[in-house]
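Let's take a walk through a protein chain together. Keep the model open beside you and find each residue as it comes up.

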Amino acid sequence: MVIKVFVATSSGSIAIRKKQQEVVGFLEANKIDFKEFDIAGDEGNRRWMRENVPGEKKPQNGIPLPPQIFNEEQYCGVRFGFLEKSLHVCLSEVI
């Protein structure tokens, strides 16, 4: 089982960088194995992330921003607000 965290390593947005750090820090602190996928440097990663975020979870413009988290192919959520509840549910097989 692979936890996939989609990030943008060259993001110019401080808010995005901070949210990415929060997600990665949470996973590391809880000793949850994960793999980062850079959407800034890899068009295939960007396309996969955008195609696999459920429609109802996409912003109005239709383009989801990082960080985005998946448990294998299952969408887990985005950003820090979901971490305390949703991540534990989504990652229950890992924890």
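Leaving out neighbours within four places in sequence, Asn 45 is in contact with Phe 6, Phe 37, Asp 38 and Ile 39, where contact means heavy atoms within 4.5 Å. You'll find Asn 45 in helix 2, residues 43-52. Helices (H or I, at least four residues) and strands (E, at least two) are DSSP runs, numbered from the N terminus. With 17% relative accessibility, Asn 45 counts as buried; the label buried needs under 20% relative accessible area, exposed needs over 50%, and partly exposed is in between (1.4 Å probe, protein chains only). A polar atom of the Asn 45 side chain also lies 3.2 Å from the backbone oxygen of Asp 38.

A quick word on what you're looking at: this is a predicted model, so local features need pLDDT of at least 70 and side-chain atom pairs count only at pLDDT 80 or more, while totals for chains, interfaces and linings use all residues. Residues are numbered from 1 along each chain as its sequence is written, and side-chain values use heavy atoms, with hydrogens and water left out.

Now for the rings. Rings of Phe, Tyr and Trp (its six-membered ring) pair if their centres lie within 6.5 Å; planes under 30 degrees apart count as stacked, over 60 as edge-to-face and the rest as tilted. By this rule there are five aromatic pairs. One of them is Phe 6 with Phe 37, stacked at 5.1 Å centre to centre with 20° between the planes. Phe 6 sits in strand 1 and Phe 37 in strand 2 (residues 35-38), 31 residues apart. What about Phe 6 and Trp 48? Their ring centres are 5.3 Å apart and their planes are at 10°, so this pair is stacked too. Phe 6 is in strand 1 and Trp 48 in helix 2, so the pair ties together parts 42 residues apart in sequence. Phe 6 is buried at 2% relative accessibility, while Trp 48 is partly exposed at 22%. Phe 6, Phe 37, Trp 48, Phe 70 and Tyr 75 form one aromatic cluster.

Time to step back. The chain has three helices and four strands, running β-α-β-α-β-β-α from the N terminus on. Of its 95 residues, 37% are buried. The largest nonpolar core has nine residues, including Ile 3, Val 5 and Leu 27. Such a core is a set of buried Ala, Val, Leu, Ile, Met, Phe, Trp, Tyr and Cys residues joined through side-chain atoms within 4.5 Å.

Methods
Polar contact = N/O pair within 3.5 Å; in protein donor to acceptor, adjacent residues only side chain to side chain.
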